[in-house]
2 protein chains.
Amino acid sequence: MRKICSLLVLLLAPITLLAQQAVWKEKAALSPEVHADRTVTFRLFAPKAESVQVRGDFLPIKKVVTPVGTFDGPGYADLERDAEGLWEWTSDVLRPDYYQYSLIVDGIKIIDPSNAYTVRDVANVANVFLVEGERADLYKVCDVPHGTVQRTWYNSATLACDRRVAIYLPPSYDGQKRFPVLYLLHGMGGDEDAWLTLGRTAQILDNLIASGAAEEMIVVMPNGNVDMQAGPAESVWNLRQPTMELEHTMEGTFEKHFPDLLSFVDSHYCTLADKEHRAIAGLSMGGYHSRNIAAEHPELFDYVGLFSTAIIKDADCPSQQHKLYWIGIGEDDFLYEPNVAYRALLDANNYRYIYYENDGGHIWINWRIYLTEFAPLLFK
Amino acid sequence: MRKICSLLVLLLAPITLLAQQAVWKEKAALSPEVHADRTVTFRLFAPKAESVQVRGDFLPIKKVVTPVGTFDGPGYADLERDAEGLWEWTSDVLRPDYYQYSLIVDGIKIIDPSNAYTVRDVANVANVFLVEGERADLYKVCDVPHGTVQRTWYNSATLACDRRVAIYLPPSYDGQKRFPVLYLLHGMGGDEDAWLTLGRTAQILDNLIASGAAEEMIVVMPNGNVDMQAGPAESVWNLRQPTMELEHTMEGTFEKHFPDLLSFVDSHYCTLADKEHRAIAGLSMGGYHSRNIAAEHPELFDYVGLFSTAIIKDADCPSQQHKLYWIGIGEDDFLYEPNVAYRALLDANNYRYIYYENDGGHIWINWRIYLTEFAPLLFK
């Protein structure tokens with residue numbers, strides 16, 4: 001036993017050292033500290049800094065005016081410095097959610113050195129924290145049966161390339177029993193990882209399935225940008241910095257390629273390959289893709305979900321009624337007005353849909369909510 | 001077409017805005033810039049900073065003395081400020097590799113705001129960059145057939161819990177053809193994601209298989225810490241900050257649980273379930289686990305790999321000769337001496353092994369090298 005203890009000390013030493021080096025000359029600051037009353041304290045030891053701010057999606061949005069319109073920018077708050085150089089700020093009581101934030105030190109955006117958890121949203125790396133409770137408990141890893149998450153590749157003859165796709169297989173998936181499929185599409189700038197990392201899809205599905213609120217289903221999350229084979233760092237572009245080369249993204253090519261994906265999924269996974277067991281949903285550009293694919297192939301899908309969807313002004317009303325046509329948007333979303341117009345079109349054509357409106361804008365907080373609302377309605 | 005263009009502008013605007021917000025008040029700085037001559041320039045616009053350093057595994061290590069021994073610490077270099085507040089430093093010519101770095105601004109470790117690519121190593125988040133060429137081309141995503149990467153869960157009766165495991169399935173895996181299996185174990189402080197994110201295992205296997213250098217194989221990467229069900233953010237501990245609660249990690253419990261993992265893999269995947277088609281390898285603590293499991297179950301493995309392995313001083317020589325017993329370590333590794341002693345023991349017992357020694361210390365640069373050396377020797 002003593003020899004094992006000595007070895008442990010020996011192996012732990014460089015890790016402890018690493019931890020020390022990780023904080024470098026910093027004073028250890030507990031940050032973020034989520035309190036029992038759901039306020040959150042942010043701290044940074046930065047004695048030489050002139051200003052420290054926290055920016056995040058839990059703070060009231062600030063409107064930003066640009067030549068093409070007014071958009072929601074993230075809110076921010078100023079941390080206060082104590083005599084020793086420890087900066088600190090405590091939030092109001094927050095709604096339970098999975099939040100993003102960054103710290104701004106003398107104008108430089110940094111991740112919180114006390115917080116090891118980050119997400120990448122397009123080219124922006126931010127920290128995350130969780131305020132537990134209510135709906136946010138669906139975003140947690142809970143002690144329930146877990147599905148399997150895969151990243152795999154399929155060939156698209158239409159696009160003449162291999163493409164990466166993320167796939168959630170439900171807990172009972174065993175290669176024998178067949179399951180329904182939800183195709184879940186990301187927005188512009190996102191990629192095949194976005195619904196998993198920012199959208200918490202695996203956790204949401206695990207938890208909805210465990211409670212009996214949703215049916216077991218396969219969730220297929222492809223890359224929606226036809227100019228890319230895969231998201232940043234996952235294609236032959238490797239660590240080229242993410243760019244927005246999006247010229248072909250909304251010209252209909254993704255929609256044209258969709259049968260390649262469908263045929264890959266139905267031939268490689270145990271799917272129930274009929275419209276009664278197939279859904280398509282997406283956010284923003286992914287809603288646009290979903291609307292187009294569902295409109296062109298009403299024979300494929302009984303279920304359609306449009307989350308904060310991008311709508312072309314003079315879009316046609318779908319020619320065929322889907323069993324479920326679900327539209328969700330936040331009242332502060334910059335795409336709110338086109339969605340009002342689209343619903344008016346549906347109404348004028350007596351097209352049945354479910355409408356879900358809440359507060360907030362064009363952000364992941366809302367897209368997670370829409371998934372938790374939409375998934376339980378499927379395949380029943 | 002015009003309506004699509006307008007929509008594109010509308011959808012792009014908030015992304016552009018996000019990008020602007022991401023750089024906040026910063027001047028856009030290209031960083032890191034990898035030059036054709038394999039020097040690399042780091043830049044940060046920080047007019048108010050008093051000092052900016054870059055720290056990384058491409059810089060000469062600095063010895064750090066602690067009460068329990070002398071360890072390798074990362075090297076660092078000072079950036080120089082220009083009149084406008086742009087800090088800059090250019091490296092010497094670097095060996096091709098996949099490197100980690102952080103910037104240190106007035107003592108605070110930050111990630112480079114110009115670089116969207118990060119990895120987490122234990123609780124330390126760092127940026128990464130790639131210098132292409134030679135062996136490092138094995139670490140790139142190349143235009144070759146790609147395997148599938150899964151994260152799934154298995155039940156361990158021994159540990160009385162579900163545990164997360166990462167699994168690489170080779171490009172030809174189709175649920176019918178059977179493949180050999182490499183069990184690949186991480187070090188202390190690592191988790192089931194470490195060999196994928198830091199070790200570039202999927203890229204290395206894809207590339208070695210594509211060139212014919214390695215056989216197609218399944219790679220199983222479990223979590224080696226029996227006190228955890230899964231790595232940080234992936235267990236019911238959710239976003240609790242990573243800690244080093246390692247008291248049971250090297251007391252033999254992981255080894256005892258191993259048959260649970262083996263039985264899960266052989267019953268859920270198309271494996272060739274015999275010793276001729278089974279290998280086990282690991283780094284540091286994972287080498288220690290591999291050595292113990294292989295010594296206790298010589299009937300299970302023809303191939304054993306010990307990378308920078310942790311060795312108990314008076315370990316016994318394995319009682320049975322494995323077909324391949326591969327030992328790799330860097331001459332600067334703090335575990336070098338115990339490995340010398342272990343090889344002397346093997347020599348004294350006429351135990352056959354292959355020995356690979358290179359420069360450098362106890363770092364991922366070496367563990368990637370060992371994987372690229374070891375994998376081609378398997379199942380032949």
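Student: How do β7(B) and strand β8 of chain B pair, and over how many bridges?

Tutor: This is a predicted model. In it, β7(B) pairs with β8 (residues 86-90) of chain B in the antiparallel sense, over two bridges.

Student: Which residue stands opposite B:Trp87?

Tutor: B:Arg81 stands opposite B:Trp87, which is in β8(B).

Student: What sheet has β7 and β8 of chain B in it?

Tutor: An open sheet of four strands, with the order β1-β2-β8-β7 in chain B and antiparallel pairing. Its edge strands are β1 (33-34) and β7 (80-81) of chain B, and each of these pairs on one side only.

Student: What holds strands together in a sheet, in general?

Tutor: Strands of a sheet pair through backbone hydrogen bonds, either parallel or antiparallel.

Student: OK, chain A now. What is the strand order in its open sheet of four strands?

Tutor: The order is β1-β2-β8-β7 in chain A, and the pairing is antiparallel.

Student: And which strands stand at the edges there?

Tutor: β1 (33-34) and β7 (80-81) of chain A. Each has a single partner strand, so one side of each is left without a neighbour in the sheet.

Student: How many bridges join β2 to β8 in chain A?

Tutor: Five bridges join β2 (residues 40-45) to β8 (residues 86-90) in chain A, and the two strands run antiparallel. As one example, A:Leu44 has A:Trp87 in β8(A) as its bridge partner.

Student: Switching to helices. Is α3 of chain A largely enclosed or largely open, and why?

Tutor: Helix α3 (residues 201-210) of chain A is largely enclosed by the rest of the structure, because nine of its 10 residues are buried.

Student: Which residues are the buried ones?

Tutor: In α3(A) they are A:Thr201, A:Ala202, A:Gln203, A:Ile204, A:Leu205, A:Asp206, A:Asn207, A:Leu208 and A:Ile209.

Student: What do the buried residues of α3(A) pack against?

Tutor: Strands and helices of chain A. The strands are β13 (148-156), β14 (161-169), β15 (181-185) and β16 (218-222), and the helices are α2 (194-197) and α7 (364-374).

Student: What comes just after α3(A)?

Tutor: A:Gly212 does, and this glycine takes a positive phi of about 85°.

Student: Back to α7. How is a pair of packed helices described?

Tutor: By the angle between the two axes and the distance between the axes. For α3(A) and α7(A), the axes come within 11 Å and cross at roughly 30°. Angles under 35 degrees count as roughly parallel, and α3(A) and α7(A) are therefore roughly parallel to each other.

Student: Is the crossing of α3(A) past α7(A) left-handed or right-handed?

Tutor: α3(A) passes α7(A) in a right-handed crossing.

Student: Which residues meet there?

Tutor: From α3(A), A:Thr201, A:Ile204, A:Leu205 and A:Leu208; from α7(A), A:Arg368, A:Leu371 and A:Thr372. The residues of this contact divide into four nonpolar, two polar and one charged.

Student: What about α3 and α7 in chain B, how do their axes cross?

Tutor: In chain B, the axes of α3 (residues 201-210) and α7 (residues 364-374) come within 11 Å and cross at roughly 30°. α3(B) and α7(B) are therefore roughly parallel to each other. Their crossing is right-handed.

Student: And which residues meet in chain B?

Tutor: B:Thr201, B:Ile204, B:Leu205 and B:Leu208 in α3(B) meet B:Arg368, B:Leu371 and B:Thr372 in α7(B). Four residues of this contact are nonpolar, two are polar and one is charged.

Student: New topic: backbone. Is the peptide bond from A:Ser31 to A:Pro32 cis or trans?

Tutor: The bond is cis, with omega near -10°. A:Pro32 lies in the loop between α1 (2-23) and β1 of chain A.

Student: And what is the peptide bond from B:Ser31 to B:Pro32?

Tutor: That bond is cis, with omega near -10°. B:Pro32 is in the loop between α1 (2-23) and β1 of chain B.

Student: What is phi at B:Asp106?

Tutor: Phi of B:Asp106 is near 45°, which is a positive value in a residue other than glycine. B:Asp106 lies in the loop between β9 (97-105) and β10 (108-110) of chain B.

Student: Does B:Asp106 count as buried or exposed?

Tutor: B:Asp106 counts as buried, at 17% relative accessibility. The cut-off for buried is under 20%.

Student: Last one: what about B:Asn238, where is that found?

Tutor: B:Asn238 is in the loop between β16 (218-222) and α4 (253-268) of chain B. B:Asn238 has a positive phi of about 45° although it is not a glycine. B:Asn238 is buried, with a relative accessible area of 4%.

Note on methods:
Residues numbered from 1 in each chain as written. Chains lettered and ligands numbered in written order. Predicted model: local features only at pLDDT ≥ 70, side-chain atom pairs only at ≥ 80, totals over all residues. Heavy atoms only, no water. Buried < 20%, exposed > 50% of the residue type's maximum accessible area, 1.4 Å probe, protein only. Contact = heavy atoms within 4.5 Å. Axes fitted to C-alpha atoms, helices over the stretch in contact; angles between N-to-C directions. Parallel < 35°, antiparallel > 145°, perpendicular 65-115°, else oblique. Left-handed = near helix turned anticlockwise from the far one by under 90°. Nonpolar A, V, L, I, M, F, W, Y, C, P; charged D, E, K, R; others polar. Pairing = 2+ DSSP bridges.
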